[in-house]
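This report goes through the fold shown below, from strand pairing to a helix, the loops and the overall dimensions.

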Amino acid sequence: MSKTQLLESCDEAVAGIQDGSTVLVGGFGLAGMPFDLIDALIRQGAQDLTIVSNNAGNGDVGLAALLKAGRVRKVICSFPRQVDSYVFDELYHAGRIALEVVPQGSLAERMRAAGAGIGAFFSPTAVGTPLAEGKETREIDGRTYVLEYPIKGDYALISAHQCDGMGNLVYRKTARNFGPVMATAATTTIVQVSEVVPTGRLDPEAIVTPSIYVDRVVQVEARHYTVEGAR
């Protein structure tokens with residue numbers, strides 16, 4: 001039997017997220033961002049959070065709204081600054097939020113490593129830059145590599161296109177982005193989907209995230225935002 005819970009509301013889905021949690025948040029900019037789960041997390045009230053995401057929010061919706069609410073202590077991301085990241089910019093320059101920049105490939109691989117049970121790995125990315133300062137390096141086959149450790153989440157909030165009754169997930173095109181690796185890297189994975197279909201309806205060959213990695217699912221209506229400067 002699947003352990004996945006199919007819940008009635010986003011508020012029920014995010015219940016129990018504790019202060020100080022590390023939360024992996026899916027999305028590449030606005031594509032695939034779990035807006036409804038983030039809004040529910042704001043209502044839920046957890047604070048002092050560490051957020052791991054591709055960027056530090058767009059405009060004042062989604063992840064940016066969570067930052068604006070003062071719930072986030074630290075952001076780990078690849079793109080903290082862009083034309084519409086004004087919420088994060090203001091918080092960072094005011095000293096109200098911490099930042100760890102991780103190259104995008106390393107960010108994905110560090111989460112994948114967490115899900116795969118890999119203790120650490122060596123990567124050539126960031127060698128010779130400030131991002132490698134203080135980290136162990138090693139020369140392998142004539143090339144220098146830097147040691148990177150997994151990024152684990154207490155929770156993952158991701159968005160998928162469909163799930164079946166067991167919690168198996170498929171995504172919609174580029175909205176997939178970091179969802180699959182985040183689902184494997186979190187202790188508790190919470191998913192918003194556009195549609196729940198009967199078990200057996202999804203082609204097994206098309207399932208990207210098996211239900212074993214999915215803990216809670218809630219069906220929501222698709223929401224679309226246009227933010228000035230967002231691509």
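Strand 9 pairs with strand 11 (residues 186-197) in the parallel sense, over ten bridges. Within this pairing, Ala-156 stands opposite Thr-189 of strand 11. The model is a predicted one.

Strand 9 covers residues 153-164, and ten of its twelve residues are buried. Strand 2 (residues 22-25) also pairs with strand 9 in the parallel sense, here over three bridges. Val-25 is placed opposite Leu-157 of strand 9. With strand 10 (residues 169-170) the pairing of strand 9 is antiparallel and runs over two bridges. Cys-163 has Leu-169 in strand 10 as its bridge partner. Strand 9 and strand 10 form a hairpin with four residues between the strands, and in this hairpin Gly-167 takes a positive phi near 105 degrees.

| Partner of strand 9 | Sense | Bridges |
|---|---|---|
| Strand 2 (residues 22-25) | parallel | three |
| Strand 11 (residues 186-197) | parallel | ten |
| Strand 10 (residues 169-170) | antiparallel | two |

Helix 2 is the next element to consider. Seven of its ten residues are buried, so helix 2 is largely enclosed by the rest of the structure. The buried residues are Phe-35, Asp-36, Leu-37, Ile-38, Ala-40, Leu-41 and Ile-42.

Ala-40 sits in helix 2, which spans residues 35-44. Why does Ala-40 count as buried? Its relative accessibility is 0%, and a residue is called buried when that value is under 20%. Apart from neighbours within four places in sequence, Ala-40 is in contact with Cys-10, Asp-11 and Val-14. Phe-88 is 48 residues from Ala-40 along the chain, and the C-alpha atoms of the two are separated by 20 Å.

Gly-45, which follows helix 2, has a phi near 100 degrees. Asp-48 is not a glycine, yet its phi is positive at about 55 degrees. Asp-48 belongs to the loop between helix 2 and strand 3 (49-52). With a relative accessibility of 40%, Asp-48 counts as partly exposed. Asp-141, again a residue other than glycine, has a positive phi near 55 degrees. Its loop runs between strand 7 (137-140) and strand 8 (143-148). Is Asp-141 buried or exposed? At 80% relative accessibility, Asp-141 counts as exposed.

Taken as a whole, the protein has six helices and twelve strands. Its radius of gyration is 18 Å, close to the 17 Å that the globule rule gives for 231 residues, so the protein is as compact as a globular protein of that length. Along the principal axes, the C-alpha atoms fill a box of roughly 50 × 40 × 35 Å. Buried residues account for 49% of the 231 residues. Of the contacts with a separation of 6 or more, 76% are between residues 24 or more positions apart.

Definitions and conventions: Residues are numbered from 1 along each chain as its sequence is written. This is a predicted model: local features need pLDDT of at least 70, side-chain atom pairs count only at pLDDT 80 or more; totals for chains, interfaces and linings use all residues. Side-chain values use heavy atoms; hydrogens and water are left out. Buried means under 20% relative accessible area, exposed over 50%, partly exposed in between (1.4 Å probe, protein chains only). Contact means heavy atoms within 4.5 Å. Two strands pair if DSSP finds at least two bridges between them. The radius of gyration is taken over C-alpha atoms; the globule rule is 2.2 Å times the number of residues to the power 0.38.
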